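Here is a briefing for a reader meeting this structure for the first time. Please look over the sequence and the model before reading on.

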Amino acid sequence: MTEKMGGRRVLLVSSAFLAAVVIAAIVVPLALYSGKVPGHAIAVSQPGQWQLGSDRIPPYENGIDSWVVGDELVLVNDTYAVAYARSDGKERWRIPSPSGHFCGASTSVVDNHIAVGYGDRCSSAAVLDVNAGKLLWQRAMPITSSGSPSEAKLDEHAVLEIVGGSVVVVHYQQLLGLDATTGAVRWSEVSPPTDEKVYSNCIPSDGVPRTADFVLLSHCSAKDSGEDLYVAVGVDPTTGKTKQHNEFVKSKSYLTMAWVSASPLVAYLSDASKGVYETLGDSLEPVSTIEAGDALNGFMGDDGFGYSLSGISNGTSHRRSRALVTGTTMIALTNPQKPNRLAAFDLHTGAKRWEAPAPGGGIVAAPLAVDHGQVIAVVSAGQDSPDQHIVKFSLDTGAVTPVRTVSLTGSGDRRLAPWFCRLFWADGAVFGVRGIYSGQSTALVFRLG
């Protein structure tokens with residue numbers, strides 16, 4: 001079924017699953033795992049776990065994005081931006097949206113700055129200094145491509161990135177370049193590619209910064225046949241002009257498109273029944289394809305931020321995937337929310353390198369990082385258990401090595417369901433932020449370990 005939340009549509013697989021994703025209070029200290037997983041205990045300092053529940057967190061509906069920046073955990077949701085100290089969870093600063101709702105944010109923090117979009121139909125932009133906890137500038141964006149009021153629903157979100165001294169904004173069928181220091185308009189372009197002999201009706205779905213350019217993921221129609229074309233477009237962030245573009249998929253109508261990684265470029269595309277990961281080279285040429293299966297049994301999963309990878313959405317916004325790309329390897333989940341496996345793929349060939357089950361038949365919430373050749377992951381013992389395991393899988397073989405367990409218990413049936421949270425690995429601890437806040441959760445921001 002579908003449920004509308006804050007102007008976005010998120011696909012929920014069942015009411016039972018929804019009931020299982022509320023978050024519990026974190027009250028039990030860290031303990032060593034006592035199950036049948038081989039390896040030795042992980043020696044880490046334990047400065048203390050903490051959690052912030054609905055009694056400490058002002059209401060919001062949908063998370064836009066979150067980051068670990070220095071000693072802070074920073075969150076932008078639809079209502080406000082806020083920073084918490086990673087050591088104890090104390091609020092450092094909070095900024096409400098200047099008008100309307102926040103509707104987009106850059107995926108990367110550049111020189112302690114984040115670009116954000118806000119306002120009616122996502123019509124304004126600002127740059128947030130996460131150190132000072134203030135907006136450096138704010139301005140209305142000259143959005144002209146949306147046309148008639150009947151198309152307004154397509155303009156509720158935007159992609160914003162800081163790259164090459166510009167804040168590049170993707171707003172439905174228009175690109176804008178704003179000066180990252182002042183907010184002044186540098187350039188404005190119709191969303192490329194614009195070769196009318198080849199393409200028609202090109203609509204971008206996502207964009208990511210690379211070292212020297214900004215790469216769009218666009219859906220076009222072939223001018224001669226009307227076939228669906230999926231095109232990667234490299235844009236110069238200083239001028240908005242197209243540097244290169246290349247078609248990598250034809251003749252398939254996908255509902256969801258999202259960049260998973262910028263280096264190397266990996267895109268996720270899916271329709272109602274099937275998804276694929278596509279790896280692209282430096283010249284935007286297709287390199288490999290990984291079949292992702294369907295939404296319930298495929299190699300996919302999202303963390304509740306941005307648009308759901310498994311849902312239907314209008315407009316342009318980042319989608320956050322749980323897949324982890326490191327070097328030439330992608331780590332993905334065989335299924336997002338029931339006993340599943342972690343799998344590794346070679347991005348050069350698309351071949352599967354290994355597939356490994358979670359300890360005790362649990363649910364792998366997400367691969368978080370690679371640390372000294374080990375993939376760090378959070379594994380839930382199950383929807384009816386409070387136990388969350390911090391597990392290491394060998395990057396080369398998938399073998400499980402040391403594990404430690406955090407027991408999370410709350411009132412009634414409330415449990416932590418980390419697959420609905422954005423998770424980070426930093427300084428030997430896991431930090432989490434809930435993406436969708438239903439009003440029933442008892443923990444929204446937390447530290448494990």
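Predicted model: local features only at pLDDT ≥ 70, side-chain atom pairs only at ≥ 80, totals over all residues.

Residues are numbered from 1 along each chain as its sequence is written, and side-chain values use heavy atoms, with hydrogens and water left out. The structure holds two disulfides. Its largest pocket has a volume of about 870 Å³.

**Disulfides**

- A disulfide is a covalent bond between the sulfur atoms of two cysteines. Here it is taken as a pair of cysteine sulfur atoms within 2.5 Å.
- C103 is joined to C122, with an S to S distance of 2.0 Å. C103 sits in strand β9 (residues 102-105) and C122 in the loop between β10 (113-118) and β11 (124-129), so this pair ties together parts 19 residues apart in sequence. Strands (E, at least two residues) and helices (H or I, at least four) are DSSP runs, numbered from the N terminus.
- The torsion about the S-S bond of C103 and C122 is about 90°, so this disulfide is right-handed.
- C103 and C122 are both buried. Buried means under 20% relative accessible area, exposed over 50%, and partly exposed in between, using a 1.4 Å probe and protein chains only.
- C202 and C220 form a disulfide, with their sulfur atoms 2.1 Å apart. C202 belongs to strand β17 (residues 199-209) and C220 to strand β18 (residues 214-222), so the bond ties together parts 18 residues apart in sequence.
- The S-S torsion of C202 and C220 is about 120°, so this disulfide is right-handed.
- C202 is buried at a relative accessible area of 7%, and C220 is buried at 0%.
- With the bonded cysteines numbered in sequence order, the pairing is 1-2, 3-4.

**Largest pocket**

- Grid points are joined across faces, edges and corners, and a volume is the space filled by probe spheres set on the points.
- The largest pocket is lined by 33 residues, and V260, R320, S321, A323 and R422 lie nearest its centre.
- Elements that give two or more residues to this lining include β5 (63-69), β21 (256-262) and β31 (363-371). β35 gives the most, with five residues.
- The lining has 20 nonpolar, seven polar and six charged residues. Ala, Val, Leu, Ile, Met, Phe, Trp, Tyr, Cys and Pro count as nonpolar, Asp, Glu, Lys and Arg as charged, and the others, Gly among them, as polar.

**Two loop residues**

- G164 lies in the loop between β13 (159-163) and β14 (166-171). G164 is partly exposed, with a relative accessible area of 48%.
- Beyond its neighbours within four places in sequence, G164 is in contact (heavy atoms within 4.5 Å) with R186, P237 and T238. The C-alpha atoms of G164 and T238 are 6.4 Å apart, though 74 residues separate them along the chain.
- P142 is in the loop between β12 (134-140) and β13. P142 is partly exposed, at 33% relative accessibility.
- Leaving aside neighbours within four places in sequence, P142 is in contact with Q174, L176 and V185. P142 and S188 are 46 residues apart in sequence and 8.6 Å apart, C-alpha to C-alpha.

Methods
1 Å grid on protein atoms, 1.4 Å probe; cavity = no way out; pocket = protein on both sides within 12 Å on 5 of 7 lines; lining within 4 Å.
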